[in-house]
Amino acid sequence: RLKPIHDLVAGKCLELAKENGGIYNKAGQFVASLQGGAGDKGVPRVYVETLSELTDNAPRQPFEAMRPVLVEEFGSRAVEDLFQDIQPVPLAAASLAQVHRATTKDKQEVAVKIIYPWLRRDLASDFAVIRMMGDGIQPGGFDLKWIVRDFEQSISSEVDFNREAANGETTRGHLSHRSDVTIPKIFPGASSSSVLTTEFVDDMIRVSDAEAIRRAHLDPQECGRLICDVFSEMLLCHGHVHGDPHAGNVYLRVRECSHRGCLPGVVILDHGLYHDISDDTRRDLCRLILECASPMPSRSEVKRLASRFAGPLYKFFPLIISPWFIFGSPLHKNDLQAAKQRRLPDSVAVKDVAECLVSLHGGEEAVNGEGGGNMLGVLHSMGYTRGMLNLLGFNELSRLQSMVYYARIGLMPPAQRKAMLAGGDVGVGILDKVNLRVDWVRVSAMSPVITLLLFLGPFALFVFEWTLYCSTLAVSVVMACWRLWGLNPLAGAPNELNL
């Protein structure tokens, strides 16, 4: 019954974003990538499909409208001095800038990203309106204007291409051991705060283009594993998180082919927005994931770790990371009934939500601009990544296997962590190797338990909890025996776990 309404509203949202541009396009991009693992139950598919046009096909401007930016940055003969030629029709147009293909004087193919000349002026007025609206955001008496301020800072960082270039180089250094990741090289002489010139990467494939992936003889599961591995490593091993990893900024490409098929590579663009979390925060997140990735977690330890991130709403935080972390969340029947009715549980007050947001943002110190780990930004990024994995049909079991693998590596000392990421094991202890295998078995053992839980319904979580635990223990023992008898249940684990 609601489909005609959703169709109409989605079209209106697209028109609004196109007409106003700037932060309205950013909002549309966010909605287009918000599906995550929830499917149509989270965001109706028509919004995702309609607004996805804004990820790289926003309204395009003629090159002559963009030329003044080049002139302002590099002088009156900027185009003639920097490039042998530049294509007048843009390759792509996004919310803050558009990209033109060009050839440098030394015959190198490049992509030239140019900020819209009116953007900074329009942003100033848009932010003034948002700040005025933010003055009234005080649920339960809590001042949440910092959310508006944080959004303004995020957008401001994205329109500083010098910062984008620096972020890209940092990420290139972190992922330098991976031959399957491409971060386009920067051309400093043709770049500034408003213009970014990078190497041109040809034959890129959109994550959302299933037909192009098929024609390229790429396996969607392998593509999903690569994307999941890369972004899990960035978060759990480096604490340097891409803030905008939607399908317009993350592409696939064919790396190499053989008689068995083609191996995927991933191209990561647009490094304007990153979220850096402290090493302590990163390690606590690794510990929380490892603790929750089991049907028998220590709930006291989960509470201790999750409380750091989500404050009074700690019991819901594991479920934001993965719905499979239900065993680490001490939910009650009333909580599940409220979720089914799409309302807050009676035990949750507006004050709790406000305190949770402050905690997710990194606590009061972060709100006051003094640092801290911004988990709001991290969760935003994880939602984008899950949206891409959902498009590829990459299941939750495989996602958790990847996250647990990199969470374990993220807890290793720096030298051992570097060796493991580079594909070696120099200095890696026997205990760490055993833990990697045990982690994989624990996550795999959750699959039949989750399946049983879905079959029996939420009632099973409370009445048959210990029965499920015992069943899981039995499955784990069987899998261990299979391993000892030569049957390898670890086939297909991240990096094949060849330790």
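This report walks through cysteines, aromatic rings, salt bridges and a surface patch in a predicted model.

## Ground rules

Because the model is predicted, local features need pLDDT of at least 70 and side-chain atom pairs count only at pLDDT 80 or more, while totals for chains, interfaces and linings use all residues. Residues are numbered from 1 along each chain as its sequence is written, and side-chain values use heavy atoms, with hydrogens and water left out.

## Cysteines

Let's start with the sulfurs. A search of the whole structure turns up one disulfide (a pair of cysteine sulfur atoms within 2.5 Å). The partners are Cys257 and Cys262, with 2.0 Å between their sulfur atoms. Their link is right-handed, with 100 degrees about the S-S bond. Cys262 is buried at a relative accessible area of 13%, whereas Cys257 is partly exposed at 48%. Here buried means under 20% relative accessible area, exposed means over 50%, and partly exposed is in between (1.4 Å probe, protein chains only).

Cys286 takes part in no disulfide, and the nearest cysteine sulfur, that of Cys237, is 6.6 Å away. Cys286 is buried, at 0% relative accessibility. Cys292 is also buried, with a relative accessible area of 1%.

## Aromatic rings

The structure holds three aromatic pairs. Rings of Phe, Tyr and Trp (its six-membered ring) pair if their centres lie within 6.5 Å; planes under 30 degrees apart count as stacked, over 60 as edge-to-face and the rest as tilted. Phe309 and Phe317 are stacked, because their ring centres are 5.2 Å apart and their planes meet at 20 degrees. Both Phe309 and Phe317 are buried.

Tyr405 and Tyr406 make an edge-to-face pair, 5.0 Å from centre to centre and with 90 degrees between the planes. Tyr405 is buried at 6% relative accessibility, and Tyr406 is buried at 1%.

## Salt bridges

There are 19 salt bridges in the structure, each a side-chain nitrogen of Lys or Arg within 4 Å of a carboxyl oxygen of Asp or Glu. Among them is Lys3 with Asp7, at 3.0 Å from N to O. Lys3 and Asp7 are four residues apart in helix α1, about one turn of the helix. Helices (H or I, at least four residues) are DSSP runs, numbered from the N terminus. Lys3 is exposed at 58% relative accessible area, while Asp7 is partly exposed at 33%.

Glu80 and Arg67 also meet in a salt bridge, at 4.0 Å from N to O. Since Glu80 lies in helix α5 (residues 78-82) and Arg67 in helix α4 (residues 63-74), this pair ties together parts 13 residues apart in sequence. Asp81 pairs with Arg77, the closest N and O atoms being 3.7 Å apart. Salt bridges with shared partners join Glu64, Arg67 and Glu80 into one network.

## A nonpolar patch

Back in helix α1 (residues 3-20) we find Ile5. Together with Leu2, Leu8 and Val9, Ile5 makes a nonpolar surface patch of about 370 Å². Patches are made of residues with over 30% relative accessible area and no salt bridge; nonpolar side chains (Val, Leu, Ile, Met, Phe, Trp, Tyr) are joined within 5 Å, and like charges within 9 Å. Accessible areas come from the Shrake-Rupley method with a 1.4 Å probe.

Note on methods: Helices (H or I, at least four residues) and strands (E, at least two) are DSSP runs, numbered from the N terminus.
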